[in-house]
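Here is a short report for a first look at this structure. It starts with the whole chain and then moves to single elements.

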Amino acid sequence: MKQMALDLGLAPGPGLHRFFAGPNEAALRHLRLQIEGDGGVHRSPVPTYLWGETASGKTYLLRAVREALREQGGIVGWMDASTRFPVAFDERWAAVILDEVDLYNPAQQAAAFNWFVNATSPATGAQRWVLAAGTVPPYDMKLREDLRSRVGWGEVYQLHVLDEEQRRSVLKREAQTRGLALPDDVMDFMLRRFSRDLGSLVQLLDHLDDFALRNKRAITIPLLKNMLETE
């Protein structure tokens, strides 16, 4: 059986409205407030840091925030651990987003510190929101102290991985959204054999939907196995 690629390119773009909060409701509510405002209250310049283990939804939420800000017409500075050559801070940015910050190399840490200082300094004009994410709490990050302390001085939320029943609820909802009949045995197979990461599971569901339509077959375990062997 072939290994399934995670980036299938078929899933809808990230959105806060599509994030199943479960035990992470407080973090989601905070992000929505920052994006949408509350009774005219503008986005706070106080930074936000999300942390949690792999598959807790950190990167999805950061990408969803970036898309929401772009839809509002904002330009967003983005850096993650794969960014080889960080660009200089841009005063047009509405916000700065730092993903996988705990994995930054020295050059990335220097750039992130520069972005952070410029984003939160009144001297650069309107103060920008800084949103960051990593796998450990602020005090456990192996970063230069001036960056570590700044990342952790604002709002900090731990994200928790959804349990199996919650992941099952998400898959059911996503299937209903697509008008799919997803049998329980197929869902059981997906949850047993594939990543706990909901993003990967939803991408798998999208790919399975496309494969079933192209082959004009109902979604079954044999169809799923056939897809994995041939795609």
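The accessible surface of the protein chain comes to about 11,800 Å². Carbon and sulfur atoms hold 50% of that surface. The model is predicted.

The chain has 231 residues, and 46% of them are buried. Its secondary structure consists of eight helices and five strands. Read from the N terminus, the order of elements is α-β-α-β-β-α-β-α-β-α-α-α-α. Now take the contacts in the chain with a separation of 6 or more: 68% of them join residues 24 or more positions apart.

| Helix | Residues |
|---|---|
| H5 | residues 164–177 |
| H7 | residues 198–215 |

Start with H7. This helix has 18 residues. From first C-alpha to last, H7 reaches 25 Å, close to the 26 Å expected at 1.5 Å a residue. Of the 18 residues of H7, 13 are buried, so the helix is largely enclosed by the rest of the structure.

Now H5. Arginine 168 has its place in this helix. Is arginine 168 buried or exposed? Its relative accessibility is 13%, so arginine 168 counts as buried; the cut-off for buried is under 20%. Which residues does arginine 168 touch, leaving aside those up to four places away in sequence? They are Asp184, Met187, Asp188 and Leu191.

Note on methods. Residues numbered from 1 in each chain as written. Predicted model: local features only at pLDDT ≥ 70, side-chain atom pairs only at ≥ 80, totals over all residues. Heavy atoms only, no water. Helix = DSSP H or I, 4+ residues; strand = E, 2+ residues; numbered from the N terminus. Expected span 1.5 Å × (residues − 1). Buried < 20%, exposed > 50% of the residue type's maximum accessible area, 1.4 Å probe, protein only. Contact = heavy atoms within 4.5 Å. Areas by Shrake-Rupley, 256 points an atom, 1.4 Å probe, with all protein chains shown as cover.
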